[in-house]
Amino acid sequence: MEVYLAQPRGFCAGVVRAIEIVERALEKYGPPVYVRHEIVHNKYVVESLKNKGAIFVEDLSEVPPRAVTVFSAHGVARSVEEEAAARGLPVLNATCPLVTKVHNQGKRYMSKGRSLILIGHAGHPEVEGTMGQVPGPVLLVQNVDDVAALTLPADTPVAYITQTTLSVDDTKDIIAALHERFTDIQGPDTRDICYATQNRQSAVRDLSKLVDVILVVGAANSSNSNRLREIGTEVGVASYLIADGSELNPEWLKDAKAVGITAGASAPEVLVDDVIEALKRIGPVAVSVLPGREENIEFRLPAELTAS
């Protein structure tokens with residue numbers, strides 16, 4: 001069986017930075033280090049950090065006084081930052097710099113008196129953080145129907161921002177609908193949309209032309225991993241989201257001559273290797289990596305962790 005690996009796949013720079021912040025905090029301050037929400041949406045990553053002494057909580061009230069606290073890559077609302085400051089918690093902010101950029105764009109648009117629209121998924125921690133960072137009401141739209149349901153007059157000055165785990169392809173129809181709906185509208189350049197999301201989705205489209213089945217390695221609660229599986233399905237290739245090799249169902253591969261593997265931005269390469277090993281237990285495989293876009297982006301760590 002031919003096995004093709006999408007390129008790029010797996011960890012993006014924001015995820016690498018977030019995990020490294022937790023690991024370095026554990027080294028510098030010693031365990032435990034408290035992390036608000038899963039640092040990234042991947043059980044393997046979370047469990048491995050737990051084993052090193054990280055404690056994951058959903059609410060700051062669970063963090064003891066003066067305990068080192070890390071905010072996850074998804075970002076948090078200002079109310080969470082203020083609560084941490086009021087309690088005097090030493091905070092390391094692992095919010096992805098691209099998420100922070102979206103926060104700043106939203107604040108800038110609102111400061112110019114524009115009504116702000118956020119394209120994203122309701123309930124996603126990044127969306128909750130972004131809506132809580134902007135000092136004013138934010139209108140959330142998840143699809144074109146939501147745009148049609150907006151009650152703002154057509155000549156309202158509006159601006160839009162997008163959840164970073166959505167690509168240019170994911171948002172283009174909604175953005176087009178917004179432009180049709182409003183006469184005075186601004187939004188970020190498409191280049192500002194997360195490079196990693198777009199690159200992984202483009203790589204899956206390339207992969208789909210060569211394979212009979214696509215396996216997406218990632219967590220069920222990972223927005224970008226779910227979207228990779230959806231894209232494979234949309235282009236007519238049987239696609240499955242699996243956490244690791246233990247979830248591989250041999251039935252999926254019955255008539256497959258070529259299998260494609262990719263991984264969401266929060267899934268480590270060790271889990272891709274685990275899926276390849278599971279395939280090898282079914283039968284002989286030849287593994288090759290597709291040519292794709294090389295990612296050389298690195299994000300700086302907080303100064304507290306780089307000072308010697």
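This is a predicted model: local features need pLDDT of at least 70, side-chain atom pairs count only at pLDDT 80 or more; totals for chains, interfaces and linings use all residues.
1. Let's start with the cysteines. The UniProt record, an unreviewed entry, lists Cys 12, Cys 96 and Cys 194 under "binding site". They are spread over 183 residues of sequence, yet in space they cluster, with a largest C-alpha distance of 10.3 Å. Cys 12, Cys 96 and Cys 194 also take part in the lining of the largest cavity.

2. Cys 12 sits in the loop between β1 (2-5) and α1 (13-29). Its relative accessible area is 12%, so Cys 12 is buried, the cut-off for that class being under 20%. If you leave out residues up to four places away in sequence, Cys 12 touches Tyr 195, Ala 196, Arg 200 and Ala 265.

3. Cys 194 is likewise a loop residue, found between β9 (184-186) and α8 (195-208). Its relative accessibility is 10%, and Cys 194 therefore counts as buried. Not counting residues up to four places away in sequence, Cys 194 touches Leu 98 and Thr 164.

4. You will find His 41 in the loop between β2 (33-36) and α2. With 5% relative accessibility, His 41 counts as buried. Leaving aside neighbours within four places in sequence, His 41 is in contact with His 74, His 124, Pro 125, Ala 219, Asn 221, Ser 222 and Ser 266.

5. Ser 222 belongs to the loop between β10 (213-217) and α9. Its relative accessible area is 1%, so Ser 222 is buried. Beyond its neighbours within four places in sequence, Ser 222 is in contact with His 41 and Ser 266.

6. Asn 224 is part of helix α9 (residues 223-234). This residue has a relative accessible area of 11% and is therefore buried. Not counting residues up to four places away in sequence, Asn 224 touches Thr 165, Gly 264, Ala 265 and Ser 266. Ala 265 is a link back to point 2, being one of the residues that Cys 12 touches.

7. Finally, a look at helix packing. How do α1 and α2 lie relative to each other? The axes of α1 and helix α2 (residues 43-52) are 10 Å apart and meet at an angle of about 10 degrees. That makes α1 and α2 roughly parallel, because angles under 35 degrees fall in that class. On the α1 side the contact is made by Ile 19, Val 22, Glu 23 and Leu 26, and on the α2 side by Val 45, Leu 49 and Lys 52. Sorted by class, this contact has five nonpolar and two charged residues, with no polar ones.

Technical notes:
Residues are numbered from 1 along each chain as its sequence is written. Side-chain values use heavy atoms; hydrogens and water are left out. UniProt positions are given in the numbering used here, feature names are shortened, and annotations may be inferred rather than shown by experiment. On a 1 Å grid over the protein atoms alone, a cavity is a set of points where a 1.4 Å probe fits but cannot get out, and a pocket is an open set with protein on both sides within 12 Å along at least five of seven lines; lining residues have an atom within 4 Å of a point. Helices (H or I, at least four residues) and strands (E, at least two) are DSSP runs, numbered from the N terminus. Buried means under 20% relative accessible area, exposed over 50%, partly exposed in between (1.4 Å probe, protein chains only). Contact means heavy atoms within 4.5 Å. Axes are lines fitted to C-alpha atoms, for helices over the stretch in contact, and angles run from 0 to 180 degrees between N-to-C directions. Angles under 35 degrees count as roughly parallel, over 145 as roughly antiparallel, 65 to 115 as roughly perpendicular and the rest as oblique. Ala, Val, Leu, Ile, Met, Phe, Trp, Tyr, Cys and Pro count as nonpolar, Asp, Glu, Lys and Arg as charged, and the others, Gly among them, as polar.
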